[in-house]
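Here is a briefing on one predicted model. Look over the sequence and the coordinates before reading on.

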Amino acid sequence: MYAYRTKGTCSSQILIEMDGETISKVQFVGGCTGNTQGVARLAEGRKINDVIDLLKGIQCRGGTSCPDQLARALEEIRAQMA
């Protein structure tokens, strides 16, 4: 399991499990429960590159958002996989 400390969002951490290049589980710690659960469910079962492409750059406040932070976390995971 990968743990990512978020920056600039209401959530404080994102926990991510991978199965190869497929995201198997996402859990946000904190944040707007309905929104973070929705984003997590939409990401699960998808390829890492697809989710990064969909979510990177989405803004809420402070130049980032929970979806954007998930994309940034996935970029770090992808870099470690290379």
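The buried residues of H2 are covered by S2, S3, H1 and H3, among other parts of the model. The buried set in this helix is Ile48, Val51, Ile52 and Leu55. These residues span an arc of only 100° around the axis, so they sit on the same side of H2. All of this comes from a predicted model.

**Helix H2 and what follows**

- Asp53 and Leu54 are exposed, on the other side of H2.
- Why do buried residues line up along one side of a helix? An α-helix has 3.6 residues a turn, so residues three or four places apart point the same way.
- Gly57 follows H2. Its phi is positive, near 95°.

- Asp68 belongs to helix H3.
- Is Asp68 buried or exposed? Asp68 has a relative accessible area of 2%, so it counts as buried; the cut-off for buried is under 20%.
- A polar atom of the Asp68 side chain lies 2.7 Å from the backbone nitrogen of Gly57. This is the glycine that comes after H2.
- The Asp68 side chain also has a polar contact of 2.8 Å with the side chain of Arg72.
- Not counting residues up to four places away in sequence, Asp68 touches Leu55, Lys56, Gly57, Ile58 and Gly63. Of these, Leu55 is one of the buried residues of H2.

**The sheet**

- Three strands make an open sheet. The order is S1-S2-S3, and the pairing is antiparallel.
- S1 and S3 stand at the edges. Each has a single partner strand, so one side of each lacks a neighbour in the sheet.
- From one strand to the next, the twist averages 20°.
- H3 packs on this sheet and touches S1, S2 and S3. The direction of H3 makes about 45° with that of S2.
- Strands of a sheet pair through backbone hydrogen bonds, either parallel or antiparallel.

**Strand pairs and hairpins**

- How many bridges join S1 to S2? There are four, and the two strands run antiparallel.
- Tyr4 has Ile14 in S2 as its bridge partner.
- S1 and S2 form a hairpin, with five residues between them. Gly8 lies in the turn and has a positive phi of about 80°.
- Eight bridges join S2 to S3, and this pair also runs antiparallel.
- Ser11 has Gly30 in S3 as its bridge partner. Met18 stands opposite Ile23 in S3.
- S2 and S3 form a hairpin too, with two residues between them. In that turn, Gly20 has a positive phi of about 70°.

**The nonpolar core**

- The largest nonpolar core has 20 residues. Those with the most contacts inside it are Ile16, Val26, Phe28, Leu70 and Leu74.
- Six elements each supply at least two residues of this core: strands S1 (2-5), S2 (11-19) and S3 (22-30), and helices H1 (33-43), H2 (48-55) and H3 (66-81).
- Which element gives the most to this core? H3 does, with six residues.
- Leaving aside neighbours within four places in sequence, Ile16 is in contact with Met1, Tyr2, Ile23, Lys25, Leu70, Ala73, Leu74 and Ile77. Leu70 and Leu74 are also among the residues with the most contacts inside the core.

**Met1**

- Where is Met1? Met1 lies in the segment before S1.
- Met1 has 68% relative accessibility, so it counts as exposed; the cut-off for exposed is over 50%.
- Leaving aside neighbours within four places in sequence, Met1 is in contact with Leu15, Ile16 and Glu17.
- The C-alpha atoms of Met1 and Asn49 are separated by 18 Å. Along the chain, these two are 48 residues apart.

Terms used:
Residues are numbered from 1 along each chain as its sequence is written. Side-chain values use heavy atoms; hydrogens and water are left out. A nonpolar core is a set of buried Ala, Val, Leu, Ile, Met, Phe, Trp, Tyr and Cys residues joined through side-chain atoms within 4.5 Å. Buried means under 20% relative accessible area, exposed over 50%, partly exposed in between (1.4 Å probe, protein chains only). Contact means heavy atoms within 4.5 Å. Two strands pair if DSSP finds at least two bridges between them. Axes are lines fitted to C-alpha atoms, for helices over the stretch in contact, and angles run from 0 to 180 degrees between N-to-C directions. The arc is that of the directions from the helix axis to the C-beta atoms. A polar contact is a pair of N or O atoms within 3.5 Å; within protein, one must be able to donate a hydrogen and the other to accept it, and residues adjacent in sequence count only if both atoms are side-chain atoms.
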